[in-house]
Amino acid sequence: MASHRAPPAARSAATRATRGACRRSRRSRLPQLSHDATLSFKILREIFQTGFSRIPVYGPGGREDIIGLVMVKDLIFVDPEENFPIKKFIKIIPRQPMMIDIHDTLAKTLEDFRKGRGHLAIVHDGKDVMQ
């Protein structure tokens, strides 16, 4: 089974690079983007260096407020010189991660993945459900 992650040397460089707008969540190892960030050359480079294909975008409520998802393959349309705002980008190309309740069973979660609803799921406790 092929891995979607970068080689270890690239991951360590990506870990250092994600200290900008693209930060790793302490709860998971998945980088996240702030809705206030812009898609500048620096941020695009940081995103590509993470080795991940999907990056959650969090809103004004903080890292628990996931408002969308950036798929790296969609970034081919971005001109880094334009410094395009991420909040506009996720409105033009809207992608929502699958939301899983913390109380869902593994069987239900696996069934949701089998139905093709996504490749990434955000676990929530019922209080912080994405709008």
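Modeller: Let us start with contact, which means heavy atoms within 4.5 Å; leaving aside its neighbours within four places in sequence, Asp-74 is in contact with Phe-89, Ile-93 and Arg-95. This is a predicted model, in which local features need pLDDT of at least 70 and side-chain atom pairs count only at pLDDT 80 or more, while totals for chains, interfaces and linings use all residues. Residues are numbered from 1 along each chain as its sequence is written, and side-chain values use heavy atoms, with hydrogens and water left out.

Colleague: Is Asp-74 buried or exposed?

Modeller: Buried means under 20% relative accessible area, exposed over 50%, and partly exposed in between (1.4 Å probe, protein chains only). Asp-74 has 7% relative accessibility, so it counts as buried.

Colleague: How many salt bridges does the structure hold?

Modeller: Side chains of opposite charge can pair when their charged atoms come close. A salt bridge is a side-chain nitrogen of Lys or Arg within 4 Å of a carboxyl oxygen of Asp or Glu, and the structure holds five. Among them, Asp-104 pairs with Lys-108, their closest N and O atoms being 3.8 Å apart, and Lys-108 also meets Asp-112 at 3.1 Å, N to O.

Colleague: Which residues does Arg-114 pair with, and how exposed is Arg-114?

Modeller: Arg-114 forms a salt bridge with Glu-111, with the closest N and O atoms 3.3 Å apart; Arg-114 is exposed at 62% relative accessibility, whereas Glu-111 is partly exposed at 35%. Elsewhere, salt bridges that share partners join Asp-104, Lys-108 and Asp-112 into one network.
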